[in-house]
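Reader: Could you walk me through this structure, please? I am new to this and would like to take it step by step.

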Amino acid sequence: MKVKVISVLEDNYMYLVIEESSRLAVAVDAAVPKRLLEIIRKEDVVLRAILTTHHHWDHARGNEELARLLPGLQVFGADERIGALTHRVSHGQELSFGAIRVRCLFTPCHTSGHMCYFMWEDDSPNAPALFSGDTLFVGGCGQFFEGTAEQMHTNLTQVLGTLPKDTVFCGHECTVRNLKFALKVEPENEVVKEKLAWARRRDDEDLPTVPSTLEEEFLYNPFLRLTEEAVQRFTGRTDPVEVLRALRSHRDNFKKPKERPNPQAMLAFDWGLFGPLLEKK
């Protein structure tokens, strides 16, 4: 099982998961059809399905065009707002695409219909992979747009936190900002300092910071460290749900640093990809 990491828009990731023996492939969050089709042609694979984590346009806007261009394409998700949806999935449901196995993990909060996807191949030496969308990021978690701290706590501690401590592919490149916040929460955490320095080097070289691993996330991601004394001291709370609620509030108000315009974002504007978002406003 080979995973292609594809950077699109301003800071999004979409993924192409390839079964190398059959050259069948599954896409996760196909936001930019043109870019995805370029990778499909380059890799010489057949796209069988799209797994969409949630309905937001920067994760799902390519579904309709791809469904039109590739008749018979299957589109999976948990929210009726997902474009071109052909199969609505539920928590714990398992799917198969050749040798690739998928377990659907319902994680409502960022949106009410958010689904993560845990993938593996039977009898393969490769580690399984979690595609966490906008629920779990490197060093952070998603905003609570359509849910509660209680829901996100369940997502992080019971649904995702109990998985094998292997590879995590998230939906956005926001690692440096997340880790700057994590360092504010735990200024003495040496693992946070090391990870932030590494992420800054990657950012300077325009390289992705994904994937991470769940094992690593428990060492530096404050949203997975709710019982740590330093995290509780920062929030002034001890109940884990209240710690999480306070952390998210602090993170939402964390000042965004001034950054140079992202070339990919400028290209996206040229292509008109931000049109749907602007129309909503």
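This is a predicted model: local features need pLDDT of at least 70, side-chain atom pairs count only at pLDDT 80 or more; totals for chains, interfaces and linings use all residues.

Reader: What covers the buried residues of helix 9?

Author: Residues are numbered from 1 along each chain as its sequence is written, and side-chain values use heavy atoms, leaving out hydrogens and water. Helices (H or I, at least four residues) and strands (E, at least two) are DSSP runs numbered from the N terminus; buried means under 20% relative accessible area, exposed over 50%, and partly exposed in between, with a 1.4 Å probe and protein chains only. The cover over the buried residues of helix 9 includes strand 12 (140-141), helix 4 (149-159), helix 5 (175-185) and helix 8 (229-235).

Reader: Which residue caps the N-terminal end of helix 9?

Author: Helix 9 runs over residues 240-252. At its N-terminal end, a side-chain oxygen lies 3.2 Å from the backbone nitrogen of V241, and that oxygen belongs to D239.

Reader: Is R248 buried or exposed?

Author: R248 lies in helix 9. Its contacts (heavy atoms within 4.5 Å) include C141, G142 and F223, not counting residues up to four places away in sequence. The relative accessible area of R248 is 6%, so R248 is buried.

Reader: Which backbone oxygen does the side chain of R248 reach?

Author: The distance is 2.6 Å, and the oxygen is that of C141.

Reader: How many salt bridges does the structure hold?

Author: A salt bridge is a side-chain nitrogen of Lys or Arg within 4 Å of a carboxyl oxygen of Asp or Glu. The structure's total is 18.

Reader: How many residues apart are R225 and E186?

Author: The side chains of R225 and E186 meet in a salt bridge at 2.8 Å, N to O. This pair links distant parts of the chain: R225 is in the loop between helix 7 (214-220) and helix 8, and E186 is in the loop between helix 5 and helix 6 (190-204), a separation of 39 residues.

Reader: Is E186 buried or exposed?

Author: The relative accessibility of E186 is 6%, so E186 counts as buried.

Reader: Where do E229 and R233 lie?

Author: E229 forms a salt bridge with R233, with the closest N and O atoms 3.4 Å apart. E229 is exposed because its relative accessible area is 60%, and R233 is exposed at 57%. They are four residues apart, about one turn of the helix, and both lie in helix 8.

Conventions:
The expected span of a helix is 1.5 Å times one less than its number of residues. A polar contact is a pair of N or O atoms within 3.5 Å; within protein, one must be able to donate a hydrogen and the other to accept it, and residues adjacent in sequence count only if both atoms are side-chain atoms.
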